[in-house]
Amino acid sequence: MPALTLDGVTKTFTMHLQGGIRLPVVSGVSFAVNAGACAVLGGPSGIGKSSILKMIFGNYRCDAGRILVHADDEAIDVATAQPRRILALRNRAISYVSQFLRAVPRVAAIDVVAEPLVATGTKPDAARERAAALLTVLNIPKPLWGLPPATFSGGEQQRINIARGFLPERPILLLDEPTASLDATNRAVVGALIAEKKKRGTAIVAIAHDEDVRNAIADEIVDVGRFAAK
Amino acid sequence: MTAAESPLLAARGLFKRFGARAACHDVSLDIHEGEVLAIVGESGSGKTTLLRLLSAQTEPDAGTVLYRMRDGVTRDLVTLGEAERRFLFRTDWGYVHQDASLGLRMGVSAGANVGERMMAVGARHYGQIRETATGWLARVEIDQDRIDDTPRTYSGGMRQRLQIARNLVTKPRLVFMDEPTGGLDVSVQARLLDLMRGLVSELGLAAIVVTHDLGVARLLSQRIAVMKEGRVIETGLTDQVLDDPREPYTQLLVSSILPP
């Protein structure tokens, strides 16, 4: 039984400020991901892989098709769900590691990581403790934990972002180039974290250009080129 | 619908004209407990008028504003009497003005500004009032040794934090904010935003925040309504509307942000 099903997902941007130019992104995207499996979106840059992840998370709108999240006993269609339903899904069903960390001013790295847990009712101290454990695994030096990540290096920011996305246990995990700015050691750490998530039954949709990472995590490659908009 | 599903406040078909100008044209929106809604748009788009309509400070030409009171009964704010409205403002609501001097009593001490709100809902024990007021001033990062000073002696950012403490001390369920960070330095803004984010999630408040600053909307709100010429032209999840704006006017707003 799939945890996530995409069926005929279609997206076009209309740029009103550029004379209403229409930029078709993808058309008819259809695939499903089972619990404990990882689908890697394949294809060259600019083909719409990130847009697909963003539509699943409800960050981009979907013009046509269905994005069914099978949570508890019901299937919720992200493409048509009310904002409140999507927020609820993000709180209990979907975790998303975006390509770049959007840092909030003044918030310490450890709190950035702990926030999704606190938002769903974990006590701040307990959440911070779990965040600390994950930051240790990801080799973030302890002196950085109390600092806002805005000034961190690219690789450090990416690991903060990964920690934030991996900390809550959600049935669906979306990963946008999680290892792009990491060295070999940390790439291996993230690979191991992904393998653990799969073992615990998380359904994963990932974008990974790095061949080693892709081969290590993918159960299926979804060729996004098949869904190029005409 | 269960209490958790039905909105705390629901506006339907609000209209308001000032002379020939439509300040609010057929606006409907909902707000639920624990949710922050941002109302964005340029100056003159009708944001503040809408906030005043929602908070029953301005009477609409048409439309209703339904509010679920603490006793679970839903009332139309338009038909509430003056005394009932004032009671709501004292007990269930907060209103944070852009100009803190409108929301504070400038001639009395900071402690009294906070204590006064508590007394309005029945607190009488001086020691307790003082203790709670001190606690709240600490939460909004105002030094203890400034508690007996009047807000006249405070900086803009401190006044704004004091105004927030005064509003939240009575544990309102709904807070209206009109450009809460307007006119403050960016560093002061960041501190205030951080504070508001924390308090809103910690207290599970519902809040309606009017701002022309899309960055403030992104940081504080989960949902957003974009206004233009008195109409709500686009609504949705805040990150969705800002990252994938659909309407020409929203695209213009989003593309007009200067990167730092």
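This is a short talk on a predicted model with a chain A and a chain B, and on how the two touch.

Because the model is predicted, local features need pLDDT of at least 70 and side-chain atom pairs count only at pLDDT 80 or more, while totals for chains, interfaces and linings use all residues. Residues are numbered from 1 along each chain as its sequence is written, and chains are lettered from A and ligands numbered from 1 in the order in which they are written.

Let's begin with chain B. It has ten helices and ten strands; these are DSSP runs numbered from the N terminus, with helices being H or I of at least four residues and strands E of at least two. The radius of gyration of chain B, taken over C-alpha atoms, is 18 Å, close to the 18 Å that the globule rule gives for 260 residues, so chain B is as compact as a globular protein of that length. That rule is 2.2 Å times the number of residues to the power 0.38. The C-alpha trace spans about 55 × 45 × 40 Å along the principal axes of chain B. Of its 260 residues, 43% count as buried, meaning that 20 or more other C-beta atoms, placed from the backbone, lie within 10 Å of the residue's own.

Now to chain A, where an open sheet of four strands runs in the order E2-E1-E4-E5 with antiparallel pairing; two strands pair if DSSP finds at least two bridges between them. At the edges sit strand E2 (21-34) and strand E5 (74-77) of chain A, each pairing on one side only. Inside this sheet, E1 (residues 2-15) and E4 (residues 64-71) of chain A are joined by five bridges, and A:Leu6 has A:Ile67 in E4(A) as its bridge partner.

On chain B, helix H7 (186-203), strand E10 (231-237), helix H9 (238-243) and helix H10 (248-255) each give two or more residues. Thanks, everyone!

How values were computed
Two residues are in contact if their C-beta atoms, placed from the backbone, lie within 7 Å. A residue is buried if 20 or more other C-beta atoms lie within 10 Å of its own, exposed if 12 or fewer, and partly exposed in between; C-beta atoms are placed from the backbone.
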